[in-house]
Amino acid sequence: MSKLELKDLRKNYGSASVVDGVSLQLRRGELVTLLGPSGCGKTTTLRMIAGFIEPSAGAILVDGREISSPTRSVPPEHRGMSMIFQSYAIWPNMTVAENVGFGLQVRKTPAAETAQRVKEMLDVVKLGPYAQRYPAELSGGQQQRVALARAMIVRPEVLLLDEPLSNLDANLREEMAAEIRRLHDEFRFTTVYVTHDQTEAMAISDRIAVLHQGRLEQIDTPWNLYNRPQTPFVAGFIGKTNLVQGAVQGGRMRLDGLPEGIPLQADAAVGDRASLQASIRPQSLYLGSGPDGAVPLGAVSVVGRTYLGEYWHYLVQPSAGGAPLKVHAAPSLVLEVGQQSMMYVDPYAVAAVQ
Ligand SMILES: Nc1ncnc2c1ncn2[C@@H]1O[C@H](COP(=O)(O)OP(=O)(O)O)[C@@H](O)[C@H]1O
Ligand SMILES: [Mg+2]
């Protein structure tokens, strides 16, 4: 049975459908991220799970029990959930230990047990030495750890995190993302994590649910979302890609403007289609020569290039016609604008997206 299930969840404000029929199931102990651009309905979905917003239609179930529907609603404090908001709002007039212990105090946990659990939780988030400090005396990352400790100490049925790293600078974000994943591996709380940042989602999640305009586009593992995107939106939102018009016949994909067909991998197979879009990642295209198993795609000429240190970003025009393609190449592969080259593709990296 799923730990948490959303069934055709909807929220309308006037005539606007901001959450438009989202269904998903989380296994016990799973961390699923709601990923999508600003305004796609992530926070609204999370607040419906927490009980702060009533759904317009659909249902929310925990352990198979309905906790929310348009006719019935368990109040937030009885859902056994902890939520961390974007502005993680720890109390400035309480010490770190008091902040972290607050949830246990509210639940009337005996003082000795509270003290013991606070101590353990502060060790887990590496804040032991800071127990008696006030939030103003902590860095942003440390305040974030206090918010995490405060949410986890009550051992929630479901942990809800709404863009918890968005107030931190880029380096700290990466470090805290790894920290959240480490804590998840240790405690295995069933977690719904919200972010608009695809790198963060990839680093943290067991599975990612991509939302677009209130709808679920695809829910999948990070690997599948990146390599087997099912819609053009997912292909473009998760990393850089080339979306190319093409057709499939007999397991081979032919791309408009390119002379050679590409054999599709078994897990990317689609039936014959007269017209579809394919996603090809820039790092799966090769100039000059390709790795073992690569398929030649004909001659191209370089029409633009940018050196990005870790790689070259080339824009190439296939000689046979079609749209220009983005290609990432090793720093040592130097081609001038106007120069001709042969292009190859790793067939494993070609996905039909619609
Ligand atoms: N109380 C409200 N009344 C009207 N529109 C709202 C309300 N809350 C959110 N919205 C709209 O719903 C959409 C989704 O908002 P939200 O769930 O906060 O998106 P996200 O968290 O993905 O950025 C946005 O267009 C937002 O303007
Ligand atoms: Mg939001």
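This is a predicted model: local features need pLDDT of at least 70, side-chain atom pairs count only at pLDDT 80 or more; totals for chains, interfaces and linings use all residues.

**Entry 1: the whole chain**

By that cut-off, 38% of the 354 residues of the protein chain count as buried. I looked up the secondary structure next and got 8 helices and 21 strands. Along the principal axes, the C-alpha atoms fill a box of roughly 75 × 45 × 35 Å.

How is the chain divided into domains? The assignment gives domain 1 as 4–227 and domain 2 as 240–352. I took their centres over C-alpha atoms and found 39 Å separating domain 1 from domain 2.

I checked contact range too. Taking contacts between residues at least 6 apart in sequence, 66% join residues at least 24 apart.

Helix α2 and helix α3 (residues 111–124) pack at about 130 degrees, with axes 9 Å apart. That angle makes α2 oblique to α3, and the crossing is right-handed. On the α2 side I listed A97, V100, G101, L104 and Q105, and on the α3 side T114, R117, V118, M121 and L122. By class, the residues of this contact split into 6 nonpolar, 3 polar and 1 charged.

**Entry 2: α2 against α4**

What is the angle between α2 and α4? The axes of α2 (residues 96–106) and α4 cross at roughly 30 degrees and come within 7 Å. Angles under 35 degrees count as roughly parallel, and α2 and α4 are therefore roughly parallel to each other. Their crossing is right-handed.

I wrote down who meets whom: V96, N99, V100, F102 and G103 in α2 face V146, A149 and R150 in α4. The class count for α2 with α4 is 5 nonpolar, 2 polar and 1 charged.

**Entry 3: α4 against α5**

I followed α4 (residues 140–152) on to α5 (residues 170–187): the axes come within 11 Å and cross at roughly 20 degrees. That makes α4 roughly parallel to α5, and α4 passes α5 in a right-handed crossing. The contact is built from G140, G141, Q144, L148 and M152 of α4, with L172, M176, L183 and F187 of α5.

Most residues other than glycine have a negative phi. I went looking for exceptions and noted two.

E163 has a positive phi of about 45 degrees although it is not a glycine. This residue sits in the loop between β8 (158–162) and α5. Is E163 buried or exposed? I found 21 C-beta neighbours inside 10 Å, so E163 counts as buried.

R188 is the other one I noted, with phi near 55 degrees. R188 is placed in the loop between α5 and β9 (190–195). I counted 12 other C-beta atoms within 10 Å of R188, so this residue is exposed.

R28 is in the loop between β2 (16–26) and β3 (31–35). With 14 other C-beta atoms within 10 Å, R28 is partly exposed. What does R28 contact, leaving aside its neighbours within four places in sequence? I got K3 and T190. R28 and K3 are 25 residues apart in sequence, yet their C-alpha atoms are 4.8 Å apart.

P324 belongs to the loop between β18 (312–318) and β19 (325–329). I counted 17 other C-beta atoms within 10 Å, so P324 is partly exposed. Not counting residues up to four places away in sequence, P324 touches V303, L315, V316 and Q317. I also looked up V300, which is 24 residues from P324 in sequence and 9.1 Å away in space, C-alpha to C-alpha.

Terms used. Residues are numbered from 1 along each chain as its sequence is written. Chains are lettered from A and ligands numbered from 1 in the order in which they are written. Domain bounds come from an automatic or database domain assignment. Axes are lines fitted to C-alpha atoms, for helices over the stretch in contact, and angles run from 0 to 180 degrees between N-to-C directions. Helices (H or I, at least four residues) and strands (E, at least two) are DSSP runs, numbered from the N terminus. Angles under 35 degrees count as roughly parallel, over 145 as roughly antiparallel, 65 to 115 as roughly perpendicular and the rest as oblique. A crossing is left-handed if the near helix is turned anticlockwise from the far one by less than a right angle, and right-handed if clockwise. Two residues are in contact if their C-beta atoms, placed from the backbone, lie within 7 Å. A residue is buried if 20 or more other C-beta atoms lie within 10 Å of its own, exposed if 12 or fewer, and partly exposed in between; C-beta atoms are placed from the backbone. Ala, Val, Leu, Ile, Met, Phe, Trp, Tyr, Cys and Pro count as nonpolar, Asp, Glu, Lys and Arg as charged, and the others, Gly among them, as polar.
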